[in-house]
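Keep the sequence and the 3D view open while reading.

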Amino acid sequence: MEWITSNFEIFVSICLGIGLSASAGFRVFVPLLFLSIAAYMGVVPLNPDWAWAGSLSAVLILGVAAIVELTAYYIPYVDNLLDTITVPLAAIAGTAVMVSVVGDLDPVYTWTLAIIAGGGTAASVASTAGAARLTSTATTGGIGNPVISTAEAGFSGILSFLSLIAPIFAAVIVVLIFIAIRKLYKKLFKKKPLPRKPI
């Protein structure tokens, strides 16, 4: 029974990490702030090596960083510039949140899981978000970008909150997001049939 309980806790922590990692793909600092606040309030236990992330100093610093990031995405051209550096930053943030919440596994497994599931999830979401903004810039001259920025910020906040209160449900939502991304890519990059030559 204890083995089942232990493994279920690990599974839940992995789901939490995946949810927060996907959230980091939309906004890098928002999920880190949510996690830091939750850890500071004692709601979410952190990996001992990451206990500092649950300090008041971390909450304040991440709060300022999140506000700056959210605001910057409403500045024309700055949003596109941010997208060029967001993918690697999101991958780092996704890896970090996964490592910080998964603490009962061997370090080798923890880091492998963090890099693949955490960093990979965040980078994939960030790449798609960046492509959507680039398309908006090209088709609307940037007028539609604030709408996309608001939607991304909303997704990041809601997904971060859901990850903390219902990790398994959040992980299911991430799977649905990836299915939607796959369909979007298929639609955007569908090969058009070559015109037939007249006989």
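Axes here are lines fitted to C-alpha atoms, for helices over the stretch in contact, and angles run from 0 to 180 degrees between N-to-C directions. The model is predicted: local features need pLDDT of at least 70 and side-chain atom pairs count only at pLDDT 80 or more, while totals for chains, interfaces and linings use all residues. Residues are numbered from 1 along each chain as its sequence is written, and side-chain values use heavy atoms, with hydrogens and water left out.

**Overall make-up**

The protein chain holds seven helices and zero strands. Along the sequence the pattern reads α-α-α-α-α-α-α. Helices (H or I, at least four residues) and strands (E, at least two) are DSSP runs, numbered from the N terminus. Of the 199 residues in the protein chain, 43% are buried. Buried means under 20% relative accessible area, exposed means over 50%, and partly exposed lies in between (1.4 Å probe, protein chains only). Among contacts in the protein chain with a separation of 6 or more, 70% come from residues 24 or more positions apart. A contact means heavy atoms within 4.5 Å.

**Helix packing**

Two packed helices are described by the angle between their axes and the distance between the axes.

| Helix pair | Axis distance | Angle |
|---|---|---|
| Helix 5 (residues 107-140) and helix 6 (residues 145-165) | 9 Å | about 160° |
| Helix 4 (residues 78-101) and helix 5 | within 7 Å | roughly 160° |
| Helix 2 (residues 29-40) and helix 6 | within 9 Å | roughly 35° |

Take helix 5 and helix 6, which pack at about 160°. That angle makes helix 5 roughly antiparallel to helix 6. The cut-offs are under 35 degrees for roughly parallel, over 145 for roughly antiparallel and 65 to 115 for roughly perpendicular, with the rest oblique. The crossing of these two helices is right-handed. A crossing is left-handed if the near helix is turned anticlockwise from the far one by less than a right angle, and right-handed if clockwise. On the helix 5 side, the contact uses Ala-129, Ala-132, Arg-133, Ser-136, Thr-137 and Thr-140. Helix 6 supplies Asn-145, Ile-148, Ser-149 and Glu-152. By class, this contact of helix 5 with helix 6 has three nonpolar, five polar and two charged residues. Ala, Val, Leu, Ile, Met, Phe, Trp, Tyr, Cys and Pro count as nonpolar, Asp, Glu, Lys and Arg as charged, and the others, Gly among them, as polar.

Next come helix 4 and helix 5, whose axes cross at roughly 160°. Helix 4 is therefore roughly antiparallel to helix 5. Helix 4 passes helix 5 in a right-handed crossing. The contact of helix 4 with helix 5 has 14 nonpolar, 10 polar and three charged residues.

Helix 2 and helix 6 also cross in a right-handed sense. Val-30, Pro-31, Phe-34, Leu-35 and Ala-38 of helix 2 meet Ser-156, Gly-157, Ser-160, Phe-161 and Leu-164 of helix 6. The contact of helix 2 with helix 6 divides into seven nonpolar, three polar and no charged residues.

**Aromatic pairs**

How many aromatic pairs does the structure hold? The count is two. Rings of Phe, Tyr and Trp (its six-membered ring) pair if their centres lie within 6.5 Å; planes under 30 degrees apart count as stacked, over 60 as edge-to-face and the rest as tilted. One of them joins Phe-26 and Phe-155, with ring centres 5.4 Å apart and planes at 25°, so this pair is stacked. Phe-26 sits in helix 1 (residues 2-26) and Phe-155 in helix 6, 129 residues apart, so the pair links distant parts of the chain. Phe-26 is buried at 11% relative accessibility. Phe-155 is partly exposed at 48%.

**Single residues**

Thr-84 lies in helix 4 and is exposed at 57% relative accessibility. Its C-alpha is 7.9 Å from that of Gly-130, 46 residues away in sequence. Ser-127, in helix 5, is partly exposed at 31%. Ser-127 and Thr-84 are 43 residues apart in sequence and 9.2 Å apart in space, C-alpha to C-alpha.

Ile-181 belongs to helix 7 (residues 167-188) and is buried at 13%.

Most residues other than glycine have a negative phi. Tyr-77 has a positive phi of about 70°, although it is not a glycine. Tyr-77 is in the loop between helix 3 (56-72) and helix 4, and is exposed at 65%.
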